[in-house]
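Hello,

Here is the structure I promised to pass on to you. My notes on it follow below.

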Amino acid sequence: MAPRLDFSDWWAKENRKGTPVVVKMENPNYSVVEIDGPDAAFKPVEKSRGKNAKQVTWVLLLKANRAVGCVAWLATVLWALLGTIKKRLIFRQGVAMESDKMGKGRLLFRVIRAFLVTSLVILGFEVVTYYKGWHYFEHPNLHIPRTTDVHGLLHMIYVTWLTFRADYIAPPIQALSKFCVALFLIQSVDRMILCLGCLWIKYKKVKPRIEGDPFKSDDVEGIGCEHPMVLVQIPMCNEREVYEQSISAVCRIDWPKDRLLIQVLDDSDNESIQCLIKAEVTKWSQRGVNIIYRHRLVRTGYKAGNLKSAMSCDYVKGYEFVAIFDADFQPNPDFLKQTVPHFKDNPELGLVQARWAFVNKDENLLTRLQNINLCFHFEVEQQVNGVFLNFFGFNGTAGVWRIKALEESGGWLERTTVEDMDIAVRAHLNGWKFIFLDDVKVLCELPESYEAYKKQQHRWHSGPMQLFRLCLPAIVTSKISAWKKANLILLFFLLRKLILPFYSFTLFCIILPLTMFVPEAELPMWVICYVPVFMSFLNIFPAPKSIPFIVPYLLFENTMSVTKFNAMISGLFQLGSSYEWVVTKKAGRSSEPDLLAAAERETKSTNQQQITRGSSESELQELTKLKEQQKEVTITPVKKTNKIYRKELVLAFLLLTASVRSLLAAQGVHFYFLLFQGITFLLVGLDLIGEQMS
C-alpha cells in the first residue's frame, strides 16, 4: 500500500506512543519500512517539516515587528526633527539670529539665498525630467527639436539658453574647474606626503631626545648653577576668565627661583581687570615667586608691541631663554625641564615648540571639528617639518626661544598680526633651527563659539598673506639654499596659505553650485566625493576618535572656506580688515580645578603668615584694597543663546544641493543614499554653526 500524503489528517492526529520497530531486509530489492503502520514511514520527516513551518512563521512575524518598530522610530525622529525646525527656524525659540552689521553682509546673504532658491527649483526640475525619461543626450533616439520646429515660446527660450550656455558659459567654467582640480590634486599630494612622513616617524620612533641629566653638577657647592636663566612671559589683554589659572600654572613651574623671572604683560584697558591681575601677581610674589606685573601706557602693535616692549627692559639682558605662554595656557611643572635641555650643546637651535592639548575638545561639535584640524597641524605638519626641515611656523605660545636668536633676527615686529610666523621666518632665514616636541603638551582652550572661531580664523589667514608680501624680497635675497627658498615660497606660503583657501572656495563654493545651471561643466565624481572623503580621512588620521564626525567636518570646512578666502584676499591686497586683531573669547576652563582649589586652601594660612612677616604696612594696605576690589568685581553669568548663522547654513545647504545634483547625474545612485545625505545635513546643520552646539 502506498503511503498517503494527506496533510489535513496530520493536524488532528495525536502522537502515537511506543517505539517503532524497524526490520532490515537482506534482499537489496526491498526498501527499509517501519511496521508501525502504513503511514508511519514518512511521519517523522513530515512532522519536522511542520515544526519548521511554524518557526519560519514566528521568525517572519518577529522581523515584521522589528521593521514596524524601526519605521516608528524613524517617524518619531523625523517628527522631532520637524518640531525642532519649526521652533528654531520659524518661531526662533531659544535662538538668536546672527545680525549682519555691514550692508555687504546682508547683500551677500540675499545673493546666496536667491541662488539657493533658484538651485532648488532647477534641482526639482532635473529630478522630474530624470524620472520622466527626458534625457536628450543620453537617448539619441529621441527627437531633439530644432528652433524651426519649436512652436512654443518657452521651448524656444530653452533651446536658446542651451546654445548660449554651451558656447559661452561652459568653456570658461570648464577651464577654471580644470585649473582648480589641478591645484586640488597638488595639495592632496602634499597632504599624502606629510602623512607618509608622519607614519615613517612613528615607525622609526624618531624624536628629539635628551642625553643624560644636563643639570647634574659634580660640584656640591655649585648645585643649581647648571640651570640657565629663563624668562617667562604671559601676554594678556582683558583676560578676565583665564588670568588666574594661567598665572597659577606658570608660577608652579619647577625651576630654581633665583634663575626664573615671570613677566605678566597686561594690555588690559579695563581698570577692574587690571586690579584683579595685580592682586594675583602680588599674591604669588608674597609666596616667594619672582614675578613682575607690567602694563603699557601706549598700547600699540597688539601682542608684538607688548612683547617688544617687555624685551626692552634692562633686567632682561641677563637671561638666556624666554618662554611664552598665552593667557589660557597651563604648562606642567616640568615644562622647562623637558624643553630647555635641548638647547645644551646645540648652539644652532633657536626654538623649541611644544604641542597644544585642549581641555574642552569634547565640549561641543565646534570644538571637536577644531580638534581635528589642530591635531593634524601639530602631529603631521609641525612634526614632519621639524624632523626633515628643522623649520615650521612658531605657534606664538608654548615655546621656548633663545634670546640671541630673537635679537639676531630683528626681534618682535609690529607689521603683521602673525608676529609668531614673522619671527619664525626671519630666524629661519638667519640659519636658526627649530625642534618640535610632540610628547610635551601644554593645556589650553579652544574657542567654544562660532563667532570667536571665525574671527580667529580671519586673523590666522589674513596675516600670512600680509607677511608673504613683506618678506618675499628678503627670502629671495637671503643666503639660505635654493631648496629652502623653494620650500618657503612654494609650500609654506603659496600652497598651504594661498592655494588651499583659493581652490576650496572656487571649486566647492562657486563651480560646484554652478554645475546645477551648466551641466556641460559637470565635475567628476572623484572630485566631488572620493578624493575629499579620502583627504578628510587623512586629516582625521591623528585623531581617530573623530571619524564619526567626518560628514559634518566636510560641510563645515566647505562653509569656512568663504571666511578663509576672504581673509586671504584682505591680507594679500592690504584691505581694511587685514590688520584687525580681536582677542579670542575664552570660557576659562581648567582640567584640574579641584587640584588648584586644594592647593589654594593648603597654602592659604602659610600665605597669610608670609604676608604679615615680609610685607610693610603700605603693601598690606594695597593688597587689602586689591582684594576688596576683586570681591566687588563680580562676573554676572550670561545665559548662552544658540545662534543660527544664516549665511553659513544656507551656503552649506547650497553645497549639499549641488552635490546631490552631481550625484544624481551619475549612474547607479540610489535614492536612499540621497535621502541619508539630506537627513544627515539637517541633523548636523541645525547645530553645526551655532553658539551652543552641545
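**Sheet and helices**

In S6, Ile291 is the bridge partner of Ile262. Strand S5 (residues 260-266) pairs with S6 in the parallel sense, over five bridges; two strands pair if DSSP finds at least two bridges between them. Helices (H or I, at least four residues) and strands (E, at least two) are DSSP runs, numbered from the N terminus.

Before you read on: this is a predicted model, where local features need pLDDT of at least 70 and side-chain atom pairs count only at pLDDT 80 or more, while totals for chains, interfaces and linings use all residues. Residues are numbered from 1 along each chain as its sequence is written, and side-chain values use heavy atoms, leaving out hydrogens and water.

The open sheet has seven strands in the order S6-S5-S4-S7-S9-S8-S10, with mixed pairing. Its edge strands, S6 (291-295) and S10 (433-444), each pair on one side only.

Now the helix pair. The axes of H11 (residues 419-429) and H12 (residues 450-477) come within 11 Å and cross at roughly 20 degrees; axes are lines fitted to C-alpha atoms, for helices over the stretch in contact, and angles run from 0 to 180 degrees between N-to-C directions. That makes H11 roughly parallel to H12 (angles under 35 degrees count as such). Met421, Asp422, Val425 and Leu429 in H11 meet Pro464, Leu467, Cys471, Ala474 and Ile475 in H12, where contact means heavy atoms within 4.5 Å.

Best wishes

Terms used:
Angles under 35 degrees count as roughly parallel, over 145 as roughly antiparallel, 65 to 115 as roughly perpendicular and the rest as oblique.
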